[in-house]
Amino acid sequence: MGLLEFSKLPVNTLVGADWDTFKKMTDGQNIGSKYKNKYYLTKGVCRLLSTLKGLQDKKYEKLLASQPLQNDPVFILGHWRSGTTFVHNIFAQDKHFGYTTTYQTVFPHLMMFGQPMFKKTMGWLMPDKRPTDNMELAPDLPQEEEFALSNMMPYSYYDFWFFPERMMEYCERYLTFEKITPEELKVFKETFLKLVKISLWNTGGTQYLSKNPPHTGRVKALVELFPNAKFIYLMRNPYTVFESTRSFFNNTIKPLELQPYDENVMEQNILDAYTQLYRAYEEQKKFIPEGNLYEVKFEEFERDALATTEDIYRKLNIPGWEEARPAIEAYVGKKKGYKKNKYEYKPRTVQLVNDNWGYALKDWDYPVH
């Protein structure tokens with residue numbers, strides 16, 4: 001157990017942002033009165049650490065910027081709480097994959113310089129479990145890259161963790177890219193490619209493994225950037241997803257927020273964002289080349305994770321199954337005793353899901369409560 005609890009963090013993760021990103025993201029924002037101390041302390045640490053960014057930039061330009069990728073990435077898609085972390089961790093046992101680490105999500109500009117010192121400190125301070133479930137946390141474990149992107153550019157959906165009042169605006173601009181400007185889209189592609197290259201350099205992989213729910217609404221842009229990318233799309237019982245997402249969002253926002261929010265408004269935002277993400281994926285998956293998409297219910301994946309993982313390797317022509325199988329089999333076996341959160345669906349939850357996500361229950365053939 002680390003020394004700090006998520007709910008009592010004196011700063012938020014913007015300490016690892018570059019100064020230009022921090023300024024653009026926070027300019028004109030409403031900072032709540034009770035968050036002023038956290039904001040100013042975060043700002044001060046960010047300003048100090050940003051002075052080191054140039055050292056990494058020089059090393060990146062020298063070693064990685066002009067180097068082409070050996071393979072296009074594998075993307076694990078799906079709404080939050082759809083089992084993407086479990087699937088990500090399974091595939092990450094394959095050492096040919098590279099990924100963004102938890103440390104990198106907070107300090108993406110301190111990867112090629114200063115990592116040993118800062119990572120040691122982070123590991124000493126951070127909790128060893130996620131606040132909303134029992135999944136392990138450690139600086140070198142795989143993590144979703146949107147947290148890193150939010151510290152590398154001011155155009156990330158996860159800006160809403162800090163400024164929840166603007167969640168739905170960020171949804172339309174940076175989750176589904178419906179209202180993103182051409183300039184912002186260009187920055188996204190350049191920044192993401194840089195992140196991928198540094199991630200592979202850091203983990204020694206030859207193919208990037210992405211687990212990032214926001215990418216579910218960006219399929220068209222991802223295919224433009226990586227024409228032969230592979231996609232794994234997870235579906236999960238919408239009742240479970242709603243209960244779990246509400247808990248996850250509320251618990252994650254608390255240590256990061258810089259302005260107050262209404263939990264009832266957040267609940268409605270979750271319902272609306274799910275629909276927008278669902279529709280964006282359904283509209284954009286046509287851009288994925290034939291043979292590069294595997295769709296599966298998480299419940300079916302979980303029932304026989306090893307066999308389904310092998311099937312995904314085969315169907316998507318992902319190399320290295322035989323070499324990776326022993327490590328994947330060991331990881332799956334270790335997780336058989338893992339205790340997940342259990343959700344009891346209250347009548348109100350059932351009504352909200354039926355009224356707002358009934359189409360998903362029907363399309364994915366889940367029983368209606």
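Analyst: Helices are DSSP runs of H or I with at least four residues, strands are runs of E with at least two, and both are numbered from the N terminus. The model is predicted, with local features needing pLDDT of at least 70 and side-chain atom pairs counting only at pLDDT 80 or more, while totals for chains, interfaces and linings use all residues. Residues are numbered from 1 along each chain as its sequence is written, and side-chain values use heavy atoms, with hydrogens and water left out.

User: How do you know how far apart Lys 186 and Glu 190 lie along helix α9?

Analyst: Lys 186 and Glu 190 are four residues apart in helix α9, which means that about one helical turn separates them.

User: Why is Glu 190 called partly exposed, and what is Glu 184 called?

Analyst: Buried means under 20% relative accessible area, exposed means over 50%, and partly exposed is in between, using a 1.4 Å probe and protein chains only. Glu 190 has 44% relative accessibility, so it counts as partly exposed, whereas Glu 184, at 7%, counts as buried. Glu 184 is placed in helix α9, residues 182–203, and its side chain joins that of Tyr 174 through a polar contact of 3.1 Å, a term for N or O atoms within 3.5 Å where, within protein, one must be able to donate a hydrogen and the other to accept it, and where residues adjacent in sequence count only if both atoms are side-chain atoms.

User: What makes the link between Arg 246 and Glu 267 one between distant parts of the chain?

Analyst: The closest N and O atoms of this salt bridge are 2.6 Å apart. Arg 246 belongs to helix α11 (residues 238–256) and Glu 267 to helix α12, 21 residues apart. Arg 246 and Glu 267 are both buried.

User: Why is Glu 322 called exposed, and what is Arg 314 called?

Analyst: Glu 322 has a relative accessible area of 52%, and it is therefore exposed, while Arg 314, at 45%, counts as partly exposed. A salt bridge holds between Glu 322 and Arg 314, with the closest N and O atoms 3.1 Å apart. Salt bridges with shared partners connect Glu 310, Arg 314, Glu 322, Arg 325 and Glu 329 in one network.

User: How do you know that strand β3 is mostly covered, and which strands run parallel to β3?

Analyst: Five of the five residues of β3 (residues 207–211) are buried, with Gln 207, Leu 209 and Lys 211 on one side and Tyr 208 and Ser 210 on the other. Two strands pair if DSSP finds at least two bridges between them; strand β1 (residues 74–77) is joined to β3 by three bridges, and strand β2 (residues 97–98) by two, each in the parallel sense. Val 74 has Leu 209 as its bridge partner in β3, and Phe 97 has Gln 207.

User: Which residues touch the most other members of the largest nonpolar core?

Analyst: Such a core is a set of buried Ala, Val, Leu, Ile, Met, Phe, Trp, Tyr and Cys residues joined through side-chain atoms within 4.5 Å. Among the 72 residues of the largest one, Tyr 157, Phe 160, Trp 161, Phe 192 and Phe 249 touch the most other members. Helix α12 (residues 263–284) gives this core its largest share, eight residues. A second, separate core has 27 residues, including Val 74 and Leu 209.

How values were computed: Salt bridge = Lys/Arg side-chain N within 4 Å of Asp/Glu carboxyl O.
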